[in-house]
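Hi everyone, thanks for making time. I'd like to walk you through one model today, so let's bring it up on the screen.

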Amino acid sequence: MFNKEIVVRCESGLHNRQATYFVQKANEFEASIWLETGSRKMNAKSLLGIMSLGIVTGTTVTLSAAGTDAETAVNALEALLQRDVY
């Protein structure tokens with residue numbers, strides 16, 4: 001399992017379009033991926049799960065992945081949390 005603690009830098013946080021791009025990117029990988037904030041942990045491949053976390057700019061999250069492409073997945077998703085994609 002590969003874990004990384006990340007501070008969300010994208011201006012919109014993980015809402016609407018940003019969350020959609022995040023989930024689409026997560027689904028490109030074979031690894032099981034989770035996004036955790038506080039005591040809540042959600043499947044990163046679930047749009048409703050991600051949006052329910054209510055992640056805003058400046059939130060510290062833990063991104064975890066298990067599988068053959070776990071490290072690649074976490075690094076790619078980290079990049080999406082650092083900027084707005086639209």
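Let me start with a single side chain: K25 counts as partly exposed, at 27% relative accessibility. Please keep in mind that this is a predicted model. The partner of K25 is E28, and their side chains meet in a salt bridge, 3.2 Å from N to O. E28 itself is exposed, because its relative accessibility of 54% is over the 50% cut-off.

How many salt bridges does the count come to? It comes to 2. The other pair is E78 with K4, where the closest N and O atoms are 2.8 Å apart. This one links distant parts of the chain: E78 sits in helix α3 and K4 in strand β1, 74 residues apart. Both ends are partly exposed, E78 with a relative accessible area of 21% and K4 at 25%.

Now, on to the sheet. It is open, with 4 strands in the order β1-β4-β2-β3 and antiparallel pairing. At the edges we find β1, residues 2-7, and β3, residues 40-43, each pairing on one side only. Neighbouring strands are turned by 25 degrees against each other on average, ignoring direction. Helix α3, residues 70-81, packs on this sheet and touches β1, β2 and β4, and its direction makes about 10 degrees with that of β1.

Finally, have a look at the hairpin. Strand β2, residues 32-37, pairs with β3 over 4 bridges, and L35 stands opposite M42 in β3. Between β2 and β3 there are 2 residues, and G38 in the turn has a positive phi of about 60 degrees.

Key. Residues numbered from 1 in each chain as written. Predicted model: local features only at pLDDT ≥ 70, side-chain atom pairs only at ≥ 80, totals over all residues. Heavy atoms only, no water. Pairing = 2+ DSSP bridges. Axes fitted to C-alpha atoms, helices over the stretch in contact; angles between N-to-C directions. Contact = heavy atoms within 4.5 Å. Salt bridge = Lys/Arg side-chain N within 4 Å of Asp/Glu carboxyl O. Buried < 20%, exposed > 50% of the residue type's maximum accessible area, 1.4 Å probe, protein only.
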